[in-house]
Structure formats: structure tokens, C-alpha cells
Amino acid sequence: METRGVRVRHALIVVWLLAMIIFVYIPSVCITLASLTSSRYFTFPIPKWGLDWWQKTLSSIEIHQILETSIMIAAVVTVIAVVLAFFGALAFARYDWKGRSIYQKLVLLPIFFPQSVLGLALLLWFNALGLQLSWQTAVFAHLVWIVPVVTLVIAIQVYSFDPALEEAAFDLGATRLQVLREVTIPVLMPGIFSGSLFAFLLSWGNFPLSLFTTGADTTVPEYLYAKMVAGYTPGVPVLGTIATIGAIVFLIGGYLVMLALNRRRSAA
Amino acid sequence: MTARTEGATAGGGVGFLRVPAGFRAALPVILFLLVGFAAPLLAVIGFSFMPARTFGFTGQPTLENYITIFESTSYISLLWSLGLALATVLILILISYPVAYGLVRVFGRWSTLVTLLFVIPLFVSENVRLYGWLLFLIKNGVLLGTLKTVFGIEAESMLFTTGAILLGMVYVYLPYMLFPLTLGISMVPNDAREAASDLGASRWQVFKEVELPLSMPGLVIGCLLTFVLAVGAIAEYKVLGGQQVIPITHDIEIAFTYAQNWPLGAALSVLLMLIVGVLVMIALRRFDLDKFLGRR
Amino acid sequence: MAAGDGAILLLKGLTKIFAGHRAVDAIDLQIREGEMFTIVGPSGSGKTTLLRMLAGMETPTSGDIILRGQRINDIPANRRPTCMVFQSLALFPHKDVGDNIEFSLKIRGVPKAERKQRALELMRLLRLPDHYYDRAVTRISGGERQRVALARALAFDPEILFFDEPLSALDYKLRKTLEKELKDIHRETKKTFVYITHSLEEAMVMSDRIGVMRDGRLVQIGTPQEIYTEPNSKFVSEFVGDVNVLSVSVLPSGKLKAAQIPHEMVAPATMNGVKSAGFLVVRPEFLRFLDAPGDADNHVVGRLYNEYALGSRIQYQVRVGELVFVLEKLRHEAFAGGLDQEVLIGWDAVNTIVVPDR
């Protein structure tokens with residue numbers, strides 16, 4: 001019921017929301033500002049604006065190398081995570097089987113686990129196996145955390161999936177593979193798609209797992225951390241801004257693709 | 001929820017196909033997590049019983065690492081980690097509840113956009129965002145610089161204080177509280193709320209008797225998730241805290257890196273895992289995941 | 001009846017507009033102390049919105065709600081002396097049976113012992129066993145949940161009890177049992193009940209009076225008997241159940257003419273103000289098989305197309321060209337002929353009425 005008390009409460013909630021949104025975006029704004037100064041040290045208000053540091057950063061071969069490593073790790077993680085998590089999500093939410101409840105908890109455990117400790121545990125494990133640390137071991141480390149997350153994301157979609165659809169397709173003569181291709185995957189597509197977005201972006205931004213498992217290879221968050229600890233350089237805000245913008249562009253691009261897919265589906 | 005079925009397991013399949021479809025689908029993930037999660041943890045546990053400063057499993061098992069921990073000052077780090085994590089959780093409940101409530105009840109069709117706005121920062125590495133706070137809080141930074149030039153106020157920077165660490169943790173773990181809480185609040189049927197009000201309950205009584213207990217699963221998950229993540233936090237202490245407070249994760253990292261004492265680091269990790277594991281087990285023991293995630 | 005005379009609830013021009021749509025459109029109604037009043041209408045007729053305004057969960061756009069002479073428009077639900085049984089029942093899933101029933105007493109600060117005693121009294125009234133007191137509401141049957149919801153509302157001791165189709169999710173047999181039980185409870189408690197449903201059949205069983213709602217308006221108010229035998233419109237007559245409705249025009253002679261029937265028909269006494277064109281309503285039980293055309297006021301020749309067993313009765317479908325007639329006989333008076341046979345059917349004018357197209 002829309003009484004005055006309710007309206008006042010709702011107005012307060014909206015004001016609070018706006019405050020929280022500002023809170024959430026303060027760091028990104030600060031980083032962007034810091035990247036636009038042409039002086040060596042950051043002071044605010046900015047004495048002299050300029051794109052000098054962007055130019056320096058973008059032309060650095062080292063930075064290119066790091067961006068490439070980060071993108072490659074994220075891409076490989078995405079592909080593997082989505083395949084594993086797709087079936088994992090079916091087992092999580094679609095089928096009723098004996099070990100399901102234990103399985104569900106097993107999937108949740110890595111999410112409910114301090115990532116820095118997980119990174120160290122993996123370091124120890126790789127060492128025990130005698131593996132050389134490189135971007136491949138980082139992919140493995142990312143997957144330990146990202147596969148469960150993507151499984152949950154897809155599982156949420158699977159919960160709303162009506163198994164009768166699969167049964168109807170079987171009944172109409174489709175083989176197991178045809179059912180998967182013609183019914184299950186297309187119906188679960190939105191979940192698979194948002195799962196891939198999550199996989200890519202979480203890998204792209206991950207720091208605690210990369211820190212202990214990349215060996216000689218370096219990802220963007222690791223590089224930034226090393227520079228931050230070493231002392232101030234405006235290259236850090238520039239690369240930070242690039243990482244942020246990259247994530248936003250990727251997210252918006254994904255959102256647009258999703259919209260287009262939906263439109264095509266409803267138009268068909 | 002009655003719609004889940006055994007799946008088409010029959011069809012005269014042989015061997016592997018006779019295994020329940022659910023298990024077949026789960027197998028890759030189970031195998032992967034056994035190799036990638038369970039085995040490393042076992043390795044850590046095993047390592048924690050190895051003699052100090054060794055790098056293999058060949059030594060004589062010993063409890064010396066645990067004895068070292070209890071004789072050292074690591075318990076102070078542990079208490080700091082647990083205390084600040086607890087404070088983070090409490091602050092997060094207070095600041096995210098209104099937003100979560102709004103997402104379910106107030107924002108209507110704006111909810112998707114608001115959700116997106118809170119999701120985006122998740123994908124930017126946390127140390128980048130913490131670095132943004134550093135630039136905001138630092139002397140001559142965005143906050144103090146603005147205060148000085150616009151208002152002529154000279155203030156002390158709050159950087160490198162416990163407050164700054166807390167700010168960083170609240171900031172970084174906000175989405176992990178917000179989204180489970182939103183899911184929890186959306187589980188409260190509007191009918192139950194109206195029925196309580198119709199039966200004479202005041203706004204506060206509706207909250208206490210109906211909304212809070214029915215959204216409890218979301219609150220529990222949110223608290224658990226943020227607590228566990230905050231206990232494992234390290235970047236917040238380093239970027240925003242200077243060396244004011246040393247968390248347990250720092251001790252672990254030192255043991256693994258500078259000190260080159262892996263068994264000691266492993267023993268500290270085991271301690272942390274025990275605390276976190278017991279908490280998660282207790283909270284999730286009787287938790288109906290299907291009901292929580294399956295609701296639309 | 002003068003305003004307030006025996007009326008507990010008075011509605012004056014009550015209107016609710018949602019985004020330009022008049023969900024409830026200027027309703028005037030008096031509900032009498034102690035009666036069981038049912039509002040019937042198809043989905044989308046505005047009946048739920050009307051009820052939610054009465055219970056205080058929706059604010060009227062205009063008009064007044066007057067409870068015992070006091071305007072209550074602006075009083076929120078938690079301070080109105082009325083109580084509602086929800087369509088979903090809205091039992092609190094985290095509380096057991098006893099705590100659900102006692103909820104309003106707890107809110108008022110009644111001591112635990114007294115609350116429990118009252119809850120047990122109500123459980124006995126509603127034939128719920130005492131040991132259900134500690135049972136989880138998620139672990140009892142549909143009919144039992146129904147009784148808990150009713151007990152919870154009665155514990156509030158409301159001046160008026162509202163019901164929002166609470167029986168609609170139950171199976172037929174249980175629904176029939178509970179309809180009667182509800183009427184018994186009404187008799188027992190002597191409270192005013194306002195009930196909404198989309199089933200006129202349900203309304204007939206329980207109500208003292210019925211209001212039929214369509215597109216936000218009350219199109220007819222009357223006793224179950226009046227609604228059944230004297231519907232004032234095509235809409236109400238069709239809402240009652242299987243019925244034969246024939247589009248007719250009134251001839252200058254006073255007789256009726258329908259397009260597909262060759263001869264003129266004798267008109268009934270009740271014309272509901274129809275002067276030129278309207279609808280002739282013939283209930284299936286008043287249509288009968290004839291041996292000769294002269295055996296009834298009106299007759300028509302058709303073909304027996306199908307028959308349906310309805311338990312104690314049998315329903316026949318007779319086709320006359322494009323027209324379909326249904327008629328019903330008691331089982332022991334079943335028609336002897338076979339399907340596709342030509343049959344002569346007819347009715348007496350006294351058993352019919354003519355209604356306008358509203």
C-alpha cells in the first residue's frame with residue numbers, strides 16, 4: 001500500500017543506493033584521473049593534463065607481452081571451464097542422483113575458500129608433481145576456482161529447464177547427441193553465455209591465484225601489483241584503466257550479443 | 001522441483017551408460033576437483049608435518065611446525081584476520097541490506113541496471129581497485145587535494161590505518177554480500193508479508209517475524225562468503241594498510257617466500273583451513289541449495 | 001434500505017485505476033452484518049483488486065469504504081479490524097501450525113499460555129487434531145493447510161473475514177467438502193464473510209447473497225436463487241453453467257423469432273426490458289424430448305449428436321443446423337433413442353426468460 005511512510009522509506013533507499021554506486025566507482029574514477037596526468041607524480045587537482053603516459057604504456061613491448069598472456073589465459077580458461085561446467089551444472093541441478101547433495105557441496109567448497117591459500121596450496125602441489133610453473137599451471141589454478149563459479153551460474157539456468165523437453169525430443173526419435181544439440185544446449189544458451197562471460201572476466205582480473213602459479217609468465221594484475229609495491233609510476237593507473245575499460249567493453253559486448261540472440265529467438 | 005528426473009539412463013546402454021546420467025555428467029568436474037582441489041589440500045596437510053625448511057615429502061613426520069606456531073606471535077595475526085573479517089561482515093550486512101531490499105522491492109525494471117553496476121567492478125582485479133582507493137586517500141590525493149583547494153581544509157590522510165584496511169575489505173567484498181542477500185530477500189513471498197501486516201503486525205514486526213527469518217538463507221550465505229574471503233584477504237592489508245596490521249595470510253606468504261619454510265606455511269594454512277572449513281560445514285550442513293538457487 | 005441500516009460495510013463509488021485501466025469501476029455495495037457475501041467473476045473482472053482494497057492492501061483511486069459508519073480508506077491493513085485468507089494461503093513457512101494460528105495474538109502481546117489455549121480451541125473448531133500444534137505447516141495436507149489459514153484469520157477475531165479464492169488449488173472432492181465446512185463455520189461464528197471466486201457453483205453452495213462482477217462493475221446482486229432463475233443479462237445467465245442462449249428479435253405480435261428456427265416462439269413473461277432484440281435463455285433441465293410438436297409451447301427439430309454422463313444426470317447435445325442445444329435428464333429418465341437420430345425437442349415459455357445483451 002502506497003502510504004506516505006512507504007514513499008519516504010523508498011526515497012531513502014534510493015538515496016542510499018546512489019551513495020553506494022558512488023562508493024563503488026570512486027576507485028575507477030581516481031585511477032582514470034591519475035592516468036591522465038603528464039607529471040611523474042600524482043597530485044590532485046592535476047597540475048598538467050596529458051596522454052603522455054598512455055603513449056608510453058601503449059608502445060611498451062613488455063606491456064603487450066603481459067596483455068597477451070592475460071588474454072590467452074582467460075581465453076583458454078573460458079573454453080575449458082564452460083565445457084566442464086556445462087555437464088557439471090546438469091549434474092548439479094538437472095538430474096536426481098544418489099551423490100548429488102555431496103557433489104553440490106564439493107562444487108561449493110573451492111568458492112568458499114581463501115584464494116591466497118588456494119594459490120599457495122597449488123604451488124605446493126605443482127612442486128610436488130615436479131611441474132614447471134608457467135601460464136599453463138596458472139590456467140589450471142584459475143580453473144579450480146572458476147569451474148565451480150561457472151557451474152553455479154549455469155546451474156541457475158538449469159533449474160528452470162523443463163526435463164520434459166528432453167524427453168519429448170527422445171520420444172520424437174532424436175538420439176542422445178541430437179537431443180543435446182537441438183534441445184539442451186540451445187535452451188540453456190543464456191546460462192552458458194553468461195557463464196563464459198564470468199569465466200573470462202574472473203580469469204582476467206584474478207590476482208591471488210596467478211601470484212603463486214604463473215612462474216616466469218606475468219598477467220596484468222600481477223604486473224600492476226609488482227609496480228605498485230615498487231613505488232609510484234603513472235604506468236600503473238594507465239594499465240589499470242585499460243584493464244577496467246577492457247572488462248567493461250567485454251561485458252557490454254556480451255550484453256549486446258545476448259540481446260541480439262534473444263531478439264533473433266523471439267523473431268523466429 | 002518435482003521436474004527433476006533420473007534422465008534417460010535406460011535405452012539398452014552398456015557399461016558406462018548404465019551409470020546414472022547425473023553421475024556421468026558430474027564425473028569430469030569431480031575428477032578435476034579431486035586433482036585440482038582435494039589433492040593440493042592433502043599435499044598442504046602432508047607438508048605441514050614435514051621437518052622445517054624441507055621441500056619434499058621424504059622427511060620424518062613431525063609436529064614441530066605446529067609447536068612453532070603456538071610459540072610464535074602468529075596468533076596475533078590470526079586474531080587480527082578474524083576480527084577484521086568479522087567487522088567487515090557486520091558492516092556489509094548494514095550497508096547492503098537496503099540495496100538488496102531495493103533490488104527486490106523498490107527499483108522494479110531498474111533492478112537489472114543496478115545489478116550490472118554492482119557486477120562490473122567484480123571483473124576488475126581487486127588490487128587495481130584498491131590502488132584507486134590509495135589514490136583517493138593519499139596525501140595530495142583526490143579526497144585531500146579537493147578538500148585543500150576547494151575548502152581550504154588540511155586533513156590527515158586515513159591511509160595506512162586499520163580503518164583503511166576495513167574500507168578496502170568492505171569495498172572489495174560488497175558484491176559477495178549483496179547478491180546472496182538479494183536472492184534471500186526475493187525468497188520472501190509477498191503474500192506472507194501482506195498476511196502478517198493484515199494480521200496486525202507493524203512494519204518492524206513484519207521484518208522481525210517474517211522477512212528476516214525467511215531471507216535467512218541468503219543472509220547466511222552472504223555472511224559465510226564474505227567472512228571466508230575476508231579471512232583470506234591480503235591485498236587490502238598491503239595496499240591500504242601499509243604495515244600497520246599483519247594478517248595471517250601475510251605470515252603464510254612470508255613462510256612460503258622470504259623464509260623459505262614451506263612446512264611452517266603449510267601448517268599455518270592448515271590452521272586457517274580448519275577454521276574456515278568448520279564454519280562452512282556448520283552453516284551448510286542443513287542448507288537446501290536446490291531451494292535457494294532454484295527459485296525464480 | 002437506508003444507508004447503515006444493518007450494513008457493516010458500505011462501498012460508495014469505489015474505483016481503482018491501474019495505468020489508465022479501470023480495474024474497479026464505481027462500485028456501490030452494502031454488505032450486511034453477519035452475511036456471507038460472495039463476489040463472482042471471471043479472471044480479470046477486478047474482484048481481487050476490490051477485495052484487496054477492502055482489506056487495505058490497495059488504496060482506492062476514488063470512492064469510499066465505510067466500516068460501521070467510519071471511513072477506512074486511509075487505514076492500513078495492519079490497523080483494520082478485518083482479516084483475509086489468501087489464495088496462496090500465505091502460511092508462514094518457517095512457523096509451525098500453532099505459531100501460525102497464534103500470530104496475531106503474539107503481535108498483540110497476548111501471553112503464551114493464553115495464546116496456546118485459544119489456538120487449540122480454534123483447531124478443535126476446525127477439526128485439526130491437537131498434536132498438529134507443533135507440526136511444520138509444510139508437512140500437512142492441502143485441506144489441513146486450508147484449515148490452519150482459516151484458524152489464523154479467526155484468531156485475529158476480525159469484524160469481517162475476506163476470502164480470496166482460497167479453495168481454487170484443491171481437487172474437486174476436497175473443495176466440495178470444504179465449501180460446506182466453511183458455510184458451517186460461518187454459521188458457528190456468526191461473522192461477516194466476504195468471499196471471492198470465479199466459480200458460481202462454489203458461490204451458490206455457500207452464499208447468502210452473490211454479486212456478479214464483470215469488467216470492474218457489479219452487474220447483478222441477488223440471492224443464489226435469484227441469480228440462477230432470474231439472471232438480468234446474457235453474461236450472468238451464461239456464467240451460471242451450461243445454458244441455451246438464443247439470439248432473438250421481438251415481433252410486433254409479441255412473439256419471438258430466431259434466425260435458424262422456422263416458426264415463431266411464445267415469449268416468456270420476464271423480458272428484462274427487452275423491446276426489440278435480446279437473448280432467450282433456456283436451462284438444460286427445462287428442455288425436453290417431445291413426442292409431438294404440440295406437447296410444449298415451443299418446439300424445434302434437430303439431430304441427436306452426442307450424450308455425456310454427468311453422474312446423476314445425462315446431458316444430450318442436439319444440433320439444429322448451426323445451433324447447438326443442450327438438455328439434461330435424470331439418469332433413470334434417460335432418452336431411449338440412438339445418436340444421429342432425428343429428435344423433436346421443446347420447452348414451455350414459463351420456464352424461460354429473455355435478457356438484454358450486456
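Guide: Start with where two chains meet. This is a predicted model, and in it the contact between chain A and chain B takes 77 residues from chain A and 80 residues from chain B.

Visitor: Which elements of chain A give two or more residues to the side that touches chain B?

Guide: They are helices H1 (4–35), H3 (61–94), H4 (100–108), H5 (115–129), H6 (135–159), H8 (176–205), H10 (220–230) and H11 (235–267) of chain A. The largest share of that side comes from H1(A), with 14 residues.

Visitor: How do the residues of the side of chain A that touches chain B divide into nonpolar, polar and charged?

Guide: That side of chain A has 59 nonpolar, 13 polar and 5 charged residues.

Visitor: What does chain A look like as a whole?

Guide: Chain A has 11 helices and 0 strands. Its C-alpha trace spans about 70 × 70 × 35 Å along the principal axes. Of the 268 residues in chain A, 45% are buried. Take the contacts in chain A between residues at least 6 apart in sequence: 75% of them join residues at least 24 apart.

Visitor: How should I read a single helix?

Guide: An α-helix has 3.6 residues a turn, so residues three or four places apart point the same way. For a case, take H5(A). H5(A) has 15 residues and reaches 21 Å from its first C-alpha to its last, close to the 21 Å expected at 1.5 Å a residue. After H5(A) comes A:Gly130, with a positive phi near 75 degrees.

Visitor: How many of the 15 residues of H5(A) are buried?

Guide: The count is 12, and H5(A) is mostly covered. Among the buried residues are A:Gln115, A:Leu118, A:Trp125 and A:Phe126.

Visitor: What do the buried residues of H5(A) pack against?

Guide: Within chain A, they pack against H6 and helix H9 (208–213). In chain B, their partners are helix H1 (21–47), helix H12 (248–256) and helix H13 (262–284).

Visitor: How far can I trust the coordinates of chain B?

Guide: Where pLDDT is low, the predicted coordinates should not be read in detail. Chain B averages a pLDDT of 86, and 93% of its residues score at least 70. Over residues 1–13 of chain B, pLDDT stays under 50. The model has 21 contacts beyond four places in sequence for that stretch.

Visitor: Where does chain B touch chain C?

Guide: In this contact, 15 residues of chain B meet 16 residues of chain C. Helix H8 (190–198) and helix H9 (203–214) of chain B each supply at least two residues of the chain B side. H8(B) gives the most to that side, with 6 residues. The chain B side divides into 8 nonpolar, 4 polar and 3 charged residues.

Visitor: And what is chain C made of?

Guide: Chain C has 8 helices and 19 strands. Its C-alpha atoms fill a box of roughly 75 × 45 × 35 Å, taken along the principal axes. Buried residues make up 39% of its 358 residues.

Visitor: What domains does the assignment give for chain C?

Guide: The assignment gives domain 1 (7–229) and domain 2 (235–355). Their C-alpha centres lie 38 Å apart. The contact between them takes 8 residues from domain 1 and 5 residues from domain 2 of chain C. On the domain 1 side, the elements that give two or more residues are helix H6 (200–206), strand S9 (209–214), strand S10 (217–222) and helix H7 (224–229) of chain C.

Visitor: How do I read a sheet?

Guide: Strands of a sheet pair through backbone hydrogen bonds, either parallel or antiparallel. One open sheet of chain C has 5 strands in the order S14-S18-S15-S16-S17, with antiparallel pairing.

Visitor: Why is one side of S14 and of S17 in chain C left without a neighbour in the sheet?

Guide: Strand S14 (288–289) and strand S17 (323–330) of chain C stand at the edges and each has a single partner strand, so one side of each has no neighbour in the sheet.

Visitor: How many bridges join S15 to S18 in chain C?

Guide: Strand S15 (residues 298–309) and strand S18 (residues 342–347) of chain C run antiparallel and are joined by 6 bridges. To find the pairing on screen, look for C:Asn298, which stands opposite C:Trp347 in S18(C).

Conventions:
Residues numbered from 1 in each chain as written. Chains lettered and ligands numbered in written order. Predicted model: local features only at pLDDT ≥ 70, side-chain atom pairs only at ≥ 80, totals over all residues. Pairing = 2+ DSSP bridges. Helix = DSSP H or I, 4+ residues; strand = E, 2+ residues; numbered from the N terminus. Contact = placed C-beta atoms within 7 Å. Nonpolar A, V, L, I, M, F, W, Y, C, P; charged D, E, K, R; others polar. Domains from an automatic or database assignment. pLDDT = per-residue confidence, 0-100. Expected span 1.5 Å × (residues − 1). Buried ≥ 20, exposed ≤ 12 C-beta atoms within 10 Å, placed from the backbone.
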